[in-house]
Protein chains: 2
Amino acid sequence: MLSGLKRFIVGQPLATAQARHERLSKTTGLAIFASDNLSSVAYASEEVLRVLILAGVGALGLASPIGVAIAMVIAIVIYSYRQTILAYPQGASDYIVAKDNIGTLAGLTAGGALLIDYTLTVAVSISAGVAALTSAVPGLFPYRVILCVSAIALITLGNLRGLRESGRLFALPSYLFVAGIGALIVVGLTRYVAHGVPPATAAPAGDPLVPLTAVLVLRAFASGAVALTGIEAVADGVTAFKPPEVRNARTVLAILGAIMVTLFVGTTALADVYDIVPRTEETVISQLARLIFGGGVVYYYIQAVSMLILVLAANTAFADFPRLAFFMARDGYLPRQFGNRGDRLVFSNGVVILAVVAVGLVILFDGDTHSLIPLYAVGVFTSFTLSQSSMVRRWARTRPAGWGWKAAISALGALTTGTVLVVVAATKFMEGAWIVIVLIAALITMFLAIRSHYTSVARQLSLDGLQPPPAMSTTVLVLVGDLHRGVVQAIQYAQALSPAAKAVYVETDPERTRRLEERWGKWGLGAPLVVLSSPYRSLLGPLVDYIDHLRQQSPNHMVTLVIPEFIPARWWQQLLHNQTALLIKGAMLFRKNVVVTDVPYHLRD
Amino acid sequence: MLSGLKRFIVGQPLATAQARHERLSKTTGLAIFASDNLSSVAYASEEVLRVLILAGVGALGLASPIGVAIAMVIAIVIYSYRQTILAYPQGASDYIVAKDNIGTLAGLTAGGALLIDYTLTVAVSISAGVAALTSAVPGLFPYRVILCVSAIALITLGNLRGLRESGRLFALPSYLFVAGIGALIVVGLTRYVAHGVPPATAAPAGDPLVPLTAVLVLRAFASGAVALTGIEAVADGVTAFKPPEVRNARTVLAILGAIMVTLFVGTTALADVYDIVPRTEETVISQLARLIFGGGVVYYYIQAVSMLILVLAANTAFADFPRLAFFMARDGYLPRQFGNRGDRLVFSNGVVILAVVAVGLVILFDGDTHSLIPLYAVGVFTSFTLSQSSMVRRWARTRPAGWGWKAAISALGALTTGTVLVVVAATKFMEGAWIVIVLIAALITMFLAIRSHYTSVARQLSLDGLQPPPAMSTTVLVLVGDLHRGVVQAIQYAQALSPAAKAVYVETDPERTRRLEERWGKWGLGAPLVVLSSPYRSLLGPLVDYIDHLRQQSPNHMVTLVIPEFIPARWWQQLLHNQTALLIKGAMLFRKNVVVTDVPYHLRD
């Protein structure tokens with residue numbers, strides 16, 4: 001029944017040989033790898049404005065210069081990652097790059113940061129996608145959490161079925177989104193130049209809450225830095241491109257950078273000149289689109305494609321997280337269950353864990369993008385910084401032609417992202433960055449504990465130095481509480497294993513022992529009956545003592561305890577019987593040289 | 001570790017021979033069996049007033065005649081139960097009396113009603129006890145639910161430790177309570193005669209909500225009928241008395257009746273003449289005591305002993321419920337786990353179930369006695385009516401000397417309690433009586449289903465008609481996924497069971513099979529290696545097919561599948577390994593003629 005349900009949800013299993021490796025053209029590849037990064041246009045400018053508004057409406061004018069500063073960071077990081085592609089033509093996650101070039105601890109830090117980053121990508125993107133929807137249809141605002149959870153459930157389902165492979169369809173939303181936001185910027189700026197600013201429709205916000213300080217400007221910058229999330233995706237997936245892979249990947253990365261800078265600076269400037277004031281119930285993009293296109297078809301188009309690209313961005317994390325977990329599990333830093341491919345050739349455990357944690361975050365943060373943002377950037381910039389620093393060390397070590405220039409670019413990248421990391425961690429510390437820092441430390445500790453366990457297990461199980469073992473002997477006992485068909489079957493079975501099998505009975509009432517012994521002659525099948533007395537009515541105590549006595553006879557002697565157990569036809573009937581077998585197994589689990597075997601007797605109804 | 005915790009909570013186990021059977025004198029017996037019944041004085045009059053007040057303050061004067069009517073019912077039921085004791089000198093619960101004399105269905109109805117009654121006794125008594133406390137210390141009123149839950153937890157703990165046996169100490173509160181309420185009545189009535197009514201201190205309640213109808217008077221009567229709960233306790237426990245048991249028990253029952261009628265009529269009359277208006281935050285008894293004794297030491301004494309006797313009343317249900325559950329389990333109508341005595345000779349499962357349900361009720365009803373009352377009386381009067389009717393049939397069948405008179409008394413009892421039952425069920429139907437009626441029906445269905453399951457199991461397991469079985473043969477297989485010390489140990493074990501043991505390997509990757517086969521020569525200990533191919537990477541599918549093929553060879557052939565399993569030293573490490581053994585056991589559980597055996601290999605750290 002359970003397996004039928006699984007078939008219905010996940011679909012028929014696929015054979016290993018059915019694994020396809022579709023290669024992507026530049027056009028498709030751009031769309032697929034771009035969604036994560038480009039989708040942040042939907043909320044990054046807004047995050048800058050949300051910080052500036054604390055110092056009053058007058059401070060909003062600082063959004064444009066901050067936007068330009070962030071665009072410069074984007075350009076530097078893109079340039080630097082194009083070099084990483086040259087060095088890792090087979091593609092490499094920041095985890096591997098850092099581990100290879102700096103060391104284990106750096107790798108694990110990047111790995112932990114990325115796992116957190118991917119989880120937050122899902123939570124943030126879905127929250128922002130639902131915000132795009134509720135901005136257009138305000139009546140849905142009270143249902144945002146349930147909408148978020150449903151969206152994650154749908155994406156999870158698609159991924160468990162292995163939907164990832166049907167890539168082409170997924171390319172469309174990215175282009176539709178770029179077209180929509182592009183049109184918004186062009187029409188918006190044209191109108192502004194031609195007609196100037198329309199009269200403000202929204203009531204201006206109240207008095208400034210805080211003075212406009214340098215720290216506030218840095219906080220605004222740190223909030224906008226989420227615009228860099230997802231840039232690393234192309235470098236991760238070089239092998240997904242058609243040959244020449246490296247060249248195609250580098251071209252795509254450059255184009256992605258150009259589009260991103262244009263869209264991000266464009267929307268930030270628009271928000272600036274149109275005097276947009278950020279509000280909880282409507283996104284900045286929605287306000288802009290409503291103002292510029294006036295709530296018609298084009299407005300709904302922009303909201304729809306914003307939602308689509310955000311859902312797609314969440315979907316990329318469902319490919320990235322399980323893949324990284326697979327690599328880390330392969331290296332022994334995560335439970336090896338993450339290395340198993342499910343029925344549909346997907347790393348199902350990674351998909352499920354990601355979904356569960358993301359749903360938890362969405363519920364905890366009430367589906368509010370803005371509250372999740374302070375957690376987001378720390379992980380991203382940690383892995384950026386480690387990855388760029390690793391490249392510096394790599395160039396210095398391998399010294400290819402022109403390595404000095406390459407190292408200088410990577411160093412600039414490392415310095416820039418490192419500075420942003422410090423700014424983000426410092427200005428957002430109390431708002432939630434500390435949680436991520438503690439979490440990364442906790443994850444590293446966990447990775448090391450897991451690895452150390454696997455190493456220890458491998459050492460203990462290794463056959464190296466093992467002498468060919470002498471033959472083993474075993475005493476077979478049948479635990480008897482009564483005499484019925486199940487017990488008779490168990491005695492038969494024990495005698496099939498060993499003709500010298502004995503029956504063991506724990507006595508709590510001498511009268512019952514007498515009755516059992518009377519019937520034993522006929523139904524004991526000739527097996528000797530050992531009676532153990534139990535003054536405290538405990539079944540376990542005397543049994544454990546007797547078995548302890550037997551199993552200590554020789555190191556190569558194993559005691560087999562056969563327990564007759566009947567299996568009712570319906571699950572609830574199980575509740576009507578004493579769970580003796582379970583109890584005994586629990587008691588024997590940590591004793592050496594004892595094997596507990598239950599012999600099931602199947603009941604009909 | 002868990003077992004250490006259990007020792008700490010429950011105490012050292014007691015030997016069966018340590019079971020003591022203390023006999024009670026009349027003085028102690030009266031106190032112990034009286035608490036359940038007498039404690040209802042603390043809330044029964046109040047329940048009458050709470051209904052009457054709906055028709056305005058003027059209607060409260062009807063409390064006294066209603067109190068007298070209820071006292072008459074008490075007298076009739078006491079008289080009738082004194083006869084039951086003659087017929088069942090070994091003591092008998094209403095379940096047994098009804099089952100013996102009318103039939104199974106009547107017995108199960110009484111049994112279900114009593115189980116519900118005992119559960120409500122705990123919930124009502126504890127709520128009323130906490131109300132006595134919060135009346136005296138109003139600051140505790142907001143914490144009443146947590147106080148109720150803590151009280152139930154403490155009583156449960158005491159009962160799990162077998163505190164029941166130390167009876168003498170438990171006798172004190174009953175006498176202190178009788179003394180306190182007796183003093184209240186005497187002083188109160190004396191003052192009334194001497195000085196008349198003091199000016200009313202509480203503001204009179206508002207306008208009448210409903211007109212004063214006959215139905216309202218019947219509802220008030222039905223509410224007060226809870227004063228009869230617990231009367232059956234003496235007849236239940238005849239054997240607990242010192243010889244002559246029957247005579248002592250009958251004497252005690254008569255004295256109990258006399259005290260109960262005095263206290264109940266007395267407090268009702270007091271409330272009437274002192275113009276007490278019932279309030280949520282303070283009990284009627286507390287108001288009376290405050291008015292008559294003026295809030296000093298005597299007032300606190302009365303509140304304290306009210307609380308104590310109510311806790312004691314709850315405690316009696318902790319003896320009654322598990323005992324009834326034991327009887328019903330012995331007859332096969334409840335899971336047989338209720339028949340097991342725990343380490344401390346207590347029927348622990350009954351105690352725990354009762355505590356859990358009572359805590360649920362207290363939380364659900366917000367620790368409010370008044371809301372629980374409509375549920376209470378239905379169960380009590382159902383079992384009373386069935387028990388009295390059973391006695392009528394018994395006298396008519398056995399026809400002892402003077403049976404006509406005895407039958408007439410029992411018939412009067414049955415008629416009276418039956419009438420009260422109809423009144424309670426009808427007037428309280430919508431307030432909650434319907435829940436109890438539905439619940440009794442559901443319980444009866446459950447009793448019958450359980451019994452039918454046990455009967456069917458007994459039939460299927462019976463050795464009657466079984467031919468002495470031919471010897472059984474077994475094929476022993478070892479499931480191999482890799483080669484390590486745990487696997488080598490499992491192969492050794494399999495060969496100890498059967499020299500012809502074979503190893504089975506499920507192939508998902510031909511390269512790994514090749515490597516395994518290379519090492520098999522040295523470490524396979526001569527066992528043949530069967531390789532099953534699995535194109536869908538499923539371990540289970542090919543294995544199940546192979547085993548199905550083997551086990552169908554002969555009806556007396558059993559396939560033993562040995563699974564090497566390593567047991568990590570710490571529980572969390574278990575999460576780091578694939579739960580293959582569990583999966584395979586689940587798949588084989590419902591297949592006949594397959595035994596799955598895991599051979600544990602214990603890891604050190």
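**Figure 1. A kinked helix in chain A.** Helix H2 of chain A (residues 26–38) has a kink of about 30°, centred on A:Ile32. The model shown here, and in every view below, is predicted. Of the 13 residues of H2(A), 10 are buried, so this helix is largely enclosed by the rest of the structure. The buried residues are A:Thr28, A:Gly29, A:Leu30, A:Ala31, A:Phe33, A:Ala34, A:Ser35, A:Asp36, A:Asn37 and A:Leu38. What do they pack against? Their partners in chain A are helices H6 (104–136), H8 (172–195), H10 (233–236), H11 (245–273), H13 (297–330) and H15 (369–398).

**Figure 2. A tyrosine in helix H17 of chain A.** A:Tyr454 sits in helix H17 (residues 429–461) of chain A. Is A:Tyr454 buried or exposed? Its relative accessible area is 7%. Buried means under 20%, so A:Tyr454 counts as buried. A:Tyr333 is 121 residues away along the chain, yet the C-alpha atoms of A:Tyr454 and A:Tyr333 are separated by 8.7 Å. Neighbours within four places in sequence are left aside in the contact list. In chain A, A:Tyr454 touches A:Gly332, A:Leu334, A:Pro335 and A:Arg336. In chain B, A:Tyr454 is in contact with B:Leu576 and B:His577.

**Figure 3. Helix H19 of chain A.** This helix covers residues 510–523. How far apart should the ends of its 14 residues be? At 1.5 Å a residue, H19(A) should span 20 Å. Its end C-alpha atoms are 20 Å apart, which agrees. The buried residues of H19(A) are A:Thr513, A:Leu516, A:Trp520 and A:Trp523. An α-helix has 3.6 residues a turn, so residues three or four places apart point the same way. The buried residues of H19(A) pack against strands E1 (473–480), E2 (502–507) and E3 (529–533), and against helix H18 (485–497), of chain A. After H19(A) comes A:Leu525, with a positive phi near 55°.

**Figure 4. Three strands and two crossovers in chain B.** Strands E1 (residues 473–480) and E2 (residues 502–507) of chain B run parallel and are joined by 4 bridges. Within this pair, B:Val480 has B:Tyr505 of E2(B) as its bridge partner. From E1(B), the chain passes through helix H18 (residues 485–497) of chain B to reach E2(B). This β-α-β crossover is right-handed. Next comes strand E3 (residues 529–533) of chain B, which pairs with E2(B) in the parallel sense over 5 bridges. Here B:Val506 stands opposite B:Leu532 of E3(B). The chain gets from E2(B) to E3(B) through helix H19 (residues 510–523) of chain B, and this β-α-β crossover is right-handed too.

**Figure 5. A glutamine in helix H18 of chain B.** B:Gln489 lies in helix H18 of chain B. With a relative accessible area of 14%, B:Gln489 is buried. Which residues does B:Gln489 contact, leaving aside neighbours within four places in sequence? From chain A come A:Met472 and A:Met558. From chain B come B:Val599, B:Pro600 and B:Tyr601.

**Figure 6. How the two chains are related.** Chain A superposes on chain B by a rotation of 179° with 0.1 Å of shift along its axis (RMSD 0.3 Å). That is the relation of a two-fold axis. Which surface does each copy use to meet its partner? Of the interface residues of chain A, 100% are also interface residues in chain B, so the copies meet through the same surface.

Methods:
Residues are numbered from 1 along each chain as its sequence is written. Chains are lettered from A and ligands numbered from 1 in the order in which they are written. This is a predicted model: local features need pLDDT of at least 70, side-chain atom pairs count only at pLDDT 80 or more; totals for chains, interfaces and linings use all residues. Side-chain values use heavy atoms; hydrogens and water are left out. The expected span of a helix is 1.5 Å times one less than its number of residues. Buried means under 20% relative accessible area, exposed over 50%, partly exposed in between (1.4 Å probe, protein chains only). Contact means heavy atoms within 4.5 Å. Two strands pair if DSSP finds at least two bridges between them. A crossover is right-handed if, with the strands pointing away from the viewer, the path from the first strand over the helix to the second runs clockwise. Copies are superposed by least squares on the C-alpha atoms of residues with pLDDT of at least 70 in both. The bend at a residue is the angle between axes fitted to the seven residues ending there and the seven starting there.
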